[in-house]
Amino acid sequence: MAFYHRLGQIPRKRHTQFRQPDGSLYSEQLVGTLGFHGVSSLLYHKHPPTEIRTVGQPEPFAPKLLKDRPLEPAHLRTLAQTTTGGDYLQARQTMLGNADVTLSICNPTERRMDYYYKNALADEVIFVHEGRGELWSQLGKVAFEPGDYVIIPRTIIHQLHFEEGPVRLLIIESFSPVETCRRYRNHFGQLLEHSPYCERDIRPPSELVEGDEREAGEYVVKIKKDGLLHTLTYGHSPFDVVGWDGYFYPYATSIHDFEPITGRLHQPPPVHQHFEGHNFVICSFVPRLFDYHPLSIPAPYNHSNVDSDEVLYYVAGNFMSRKGVDLASFTWHPSGIPHGPHPGTVEASIGKKETHELAVMVDTFRPLYLTEAALPYVDGRYPMSWQPGFVPDPPRSADMMD
């Protein structure tokens with residue numbers, strides 16, 4: 001989210017002498033994307049951020065994409081998988097992906113990480129389905145709760161700290177910068193009056209991390225790059241920042257603050273758009289009034305995806321166009337075949353005035369692929385569920401949103 005923010009102590013001018021109490025210089029660091037043409041921030045460290053002590057052997061850390069499966073819609077039922085591993089990084093299981101974006105579930109059991117993490121090539125969007133806590137980064141702390149999107153730009157070193165209780169996350173990894181929708185911004189970058197959210201809904205870091213660093217020690221930073229996880233040990237904490245300013249930082253915003261756009265007749269999916277990246281968009285389906293033409297049909301019409309793959313992650317409520325779909329499920333409708341409401345749901349939607357559903361949708365403009373890790377979650381009956389008389393398995397869900 002590109003608006004100016006600052007925290008802590010900074011000098012009056014960029015790239016000028018800024019001294020510590022002992023007379024030594026603070027170490028200035030520029031972080032950003034797209035060379036020197038994208039948004040960036042200037043950080044001021046107590047110690048140089050370059051003091052590498054050891055370099056470990058890289059480990060494979062990439063999903064296996066399955067590119068030879070039949071062309072068919074898929075339903076992935078992940079609700080029963082209450083835990084997927086240890087900490088925030090170990091617990092990731094990628095369900096779908098391509099060269100632009102990946103979608104993963106992450107239900108960690110450990111409350112905090114004992115190392116630091118950086119994604120060197122991708123922005124990460126964490127949708128918090130269940131759980132509360134704080135993101136700690138070089139740029140400060142961001143609190144999160146159920147319903148929040150937490151956006152972490154690439155190269156930012158961070159940790160996740162969770163409170164007690166279940167944690168269920170959807171992680172969207174983008175190999176291009178994640179931005180607000182261009183059609184909702186003016187040429188200065190300000191969100192316009194017709195935007196379904198505004199700057200007041202954005203929560204940048206509120207305070208710097210203090211007390212994390214010691215004079216010297218070993219601080220492990222795990223860096224994800226090119227399908228590998230690299231381990232570097234530094235001599236000082238990456239959270240030794242005394243101040244920063246700029247346009248490049250992590251932030252949180254809530255799905256509950258997204259204001260729906262409605263119409264007299266059924267509106268197309270782009271009205272739900274929340275974020276965009278290269279070759280994909282992220283949309284938020286939120287409680288809203290249905291169409292108000294006297295002959296309107298609230299259920300969506302059949303469509304062929306208009307050259308995109310469509311993924312819905314179900315958060316809360318009941319989707320009136322789908323039968324037998326759990327919360328924490330994914331439905332994936334690939335381009336190349338049409339999809340639409342299940343039999344009986346179109347007539348059943350007529351006359352309904354509103355919906356209380358919550359879901360996250362990702363539309364991609366290049367084909368997605370299931371991963372090997374997704375196979376245990378596949379509902380094998382789903383591709384045939386549009387046949388008349390088909391009886392789906394009942395959903396096994398309860399409303400988990402606060």
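Two strands count as paired if DSSP finds at least two bridges between them. Strands (E, at least two residues) are DSSP runs numbered from the N terminus. The model is predicted, so local features need pLDDT of at least 70, side-chain atom pairs count only at pLDDT 80 or more, and totals for chains, interfaces and linings use all residues. Residues are numbered from 1 along each chain as its sequence is written, and side-chain values use heavy atoms, with hydrogens and water left out.

**Exercise 1.** Determine the strand order of the open sheet of 6 strands, and state which strands stand at the edges.

*Solution.*
Step 1. The order is S6-S24-S23-S26-S21-S20, and the pairing is antiparallel.
Step 2. Strand S6 (74-77) and strand S20 (273-277) are at the edges; each has a single partner strand, so one side of each lacks a neighbour in the sheet.
Step 3. From one strand to the next, the twist averages 15° (axes are lines fitted to C-alpha atoms, with angles from 0 to 180 degrees between N-to-C directions).

**Exercise 2.** Describe how S6 pairs with strand S24.

*Solution.*
Step 1. S24 covers residues 329-333, and its antiparallel pairing with S6 runs over 4 bridges.
Step 2. Leucine 76 has phenylalanine 330 in S24 as its bridge partner.

**Exercise 3.** Describe the largest pocket by volume and lining.

*Solution.*
Step 1. On a 1 Å grid over the protein atoms alone, a pocket is an open set of points with protein on both sides within 12 Å along at least five of seven lines, and lining residues have an atom within 4 Å of a point.
Step 2. The volume is about 690 Å³, taken as the space filled by probe spheres set on the points.
Step 3. The lining has 39 residues, and Pro268, Pro269, Phe285, Glu310 and Met361 are the closest to the pocket centre.
Step 4. Two or more lining residues come from each of strand S21 (280-285), strand S22 (288-289), strand S23 (309-316) and strand S26 (358-364).
Step 5. By class, 21 are nonpolar, 12 polar and 6 charged; Asp, Glu, Lys and Arg count as charged, and Gly is among the polar.

**Exercise 4.** Find how many cavities of 30 Å³ or more the whole structure holds, and describe their linings.

*Solution.*
Step 1. A cavity is a set of points where a 1.4 Å probe fits but cannot get out. The search finds 2.
Step 2. The largest cavity has a volume of about 70 Å³. Its lining includes His75, Arg77, Asp379 and Arg381, and divides into 3 nonpolar, 3 polar and 5 charged residues.
Step 3. The second largest cavity holds about 30 Å³. Thr78, Ile105 and Tyr313 are among its lining residues.
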